[in-house]
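Please look over the sequence and the structure shown here before reading the briefing below.

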Amino acid sequence: MKLQSWGRYPRVAEQRPLPAVWTTDALPVPAAGGSLLPYGQGRSYGDSCLNAGGALLTTERLDRFLDFNPATGLLRCESGVTLDAILRLVSWQGWFLPVTPGTKFVSVGGAIANDVHGKNHHRAGTFGRHVPRFELVRSDGSRRVCSLTENREWYEATIGGLGLTGLITWAEVQLTRMSNPYILQETIPLANVDEFLTLALESERDYDFTVAWVDCLGRGKNLGKGLFYRGNHAPPQFDAVPLAKSHLSSRGRLAVPFDFPGLALNRLSVAAFNWLYFHTQKRHTSGLVHYDPFFYPLDGVHRWNRIYGRRGFLQFQCVVPASDVGMAALKEILDRGARSGMPSFLTVLKMFGDVPSPGMMSFPKRGMTLALDFANRGERTYRLVAELDKVTREAGGRVYPAKDARMSPESFAAYYPERERFAKYVDPAFSSSFWRRVNDTHPSP
């Protein structure tokens, strides 16, 4: 069984899968020099879900629902349950996820370990804010129920802790009400990145969800050209539109059957796609859309990571302050990407609000967050990512560990000043390729 990250980079040495089956089981003790790491759905993009030469505690079989109160929306489930499974259980009962990333095919344990965020960070913060309690099992056999009032330090270390503090066996998630499965969406064309910031700040008052798609090839006056989406859950008058459970199937209609040729994503192909996408989408100024295409546009295409070829891809996601310094950095990152000759196939821009994250190592903070996907072209790509990392660091921003494959120990130390405090809670039997890399215990891949 070969386990890898969604970006398919880096390729790592043999990792031994150890299935976690029951929440009551003791954790296996690794051999001398070995280590453990929980592994959910493998949707982290870099090496934070990899453990080269070690063992991966796979949680797919920890997939049981333990309790759900349809009156309050409080759900308790095992850590291997996916967000997709939760939606199939609760959405037809009028409940929705409080926070969701761009894919529903992630586990609850992974959502906590990466403290994932979504299009509503300015209102709801991160996923971890909506997890009242969870159980943490350590390699020494100890078990802790963690919350804001019980074992709080372990609670804060585990949320956003990249699976390094132990294995989450079960967790509670406080869901949010919705009247129906639809979003009232508005689409607004953006001339440039300056318009994004203005519109995003204006939209925070009246809209729960905001995000922008950016044409990565825009330069000069068109730098940051794209489409701004904003929306809210549809009000009760749309309840008459029937909710078909078929909408909630985890099966996509399309799949990428093979790895694309390495040069399939080039400036011409990306330019053609961007032109078509922009001119098609900008006509849909407002309307009612099912939550699936609004939150999960890529989930309808299984194995879409294959379009980047066998060498995979690197995503660079940063957050920079919503200030003149941050805007200058954002423009430089976009411009460097456009000039690189390695266009980002998908470029997404969002705002983070002031809602604090509960985890001591959580990524979001107030500012603008930009994500770019680069096909792996070897050293050219690595140099570009290093340049973007430097711009982010000099602007006082940070890079997202769940999407990272190249961050240096120096950058990690600058981005996450709580790292030394956090290290005290890392289970001595747990490690990851990412953790060893940013702590300079082995060279970058």
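Predicted model: local features only at pLDDT ≥ 70, side-chain atom pairs only at ≥ 80, totals over all residues.

Residues are numbered from 1 along each chain as its sequence is written, and side-chain values use heavy atoms, with hydrogens and water left out.

**Terms for strands and helices**

- Helices (H or I, at least four residues) and strands (E, at least two) are DSSP runs, numbered from the N terminus, and two strands pair if DSSP finds at least two bridges between them.

- Strand β1 (residues 16-19) runs parallel to β3 and is joined to it by four bridges, with L57 of β3 as the bridge partner of L18.
- Strand β2 (residues 36-39) also pairs with β3 in the parallel sense, over four bridges, and here T58 of β3 is the bridge partner of Y39.

**The sheet of five strands**

- Five strands with antiparallel pairing make an open sheet in the order β4-β5-β9-β7-β8.
- Because β4 (65-69) and β8 (143-146) stand at the edges with a single partner strand each, one side of each is left without a neighbour in the sheet.
- Neighbouring strands of this sheet are turned by 15° against each other on average, direction ignored; axes are lines fitted to C-alpha atoms, for helices over the stretch in contact, and angles run from 0 to 180 degrees between N-to-C directions.
- Five bridges join β5 (residues 74-78) to β9 (residues 167-174) in the antiparallel sense, and L75 stands opposite V173 in β9.
- Helix α1 (residues 83-90) lies across β4 and β5, and runs at about 40° to β4.

**The sheet of eight strands**

- Another open sheet has eight strands in the order β15-β11-β13-β12-β18-β19-β17-β20, and the pairing is antiparallel.
- Strand β17 (residues 313-320) and β19 run antiparallel and are joined by eight bridges, with V319 opposite T369 in β19.
- Helix α5 (residues 193-203) packs on the sheet and touches several strands, including β11 (182-190) and β19, and its direction makes about 40° with that of β18; contact here means heavy atoms within 4.5 Å.

**Nonpolar cores**

- A nonpolar core is a set of buried Ala, Val, Leu, Ile, Met, Phe, Trp, Tyr and Cys residues joined through side-chain atoms within 4.5 Å.
- The largest nonpolar core has 102 residues, and I86, F127, F134, L175, F196, F316 and L330 touch the most other members.
- A second, separate core of 13 residues includes C216, V256, L265 and V270.

- D373 lies in strand β19 (residues 367-375), where it is buried yet has no salt bridge, the nearest side chain of opposite charge being K403 at 6.8 Å.
- A salt bridge is a side-chain nitrogen of Lys or Arg within 4 Å of a carboxyl oxygen of Asp or Glu, and Lys and Arg count as positive and Asp and Glu as negative, with His and the chain ends not counted.
- D115 is found in the loop between α2 (108-113) and α3 (121-124), and D115 counts as buried because its relative accessibility is 0%.

Key. Buried < 20%, exposed > 50% of the residue type's maximum accessible area, 1.4 Å probe, protein only.
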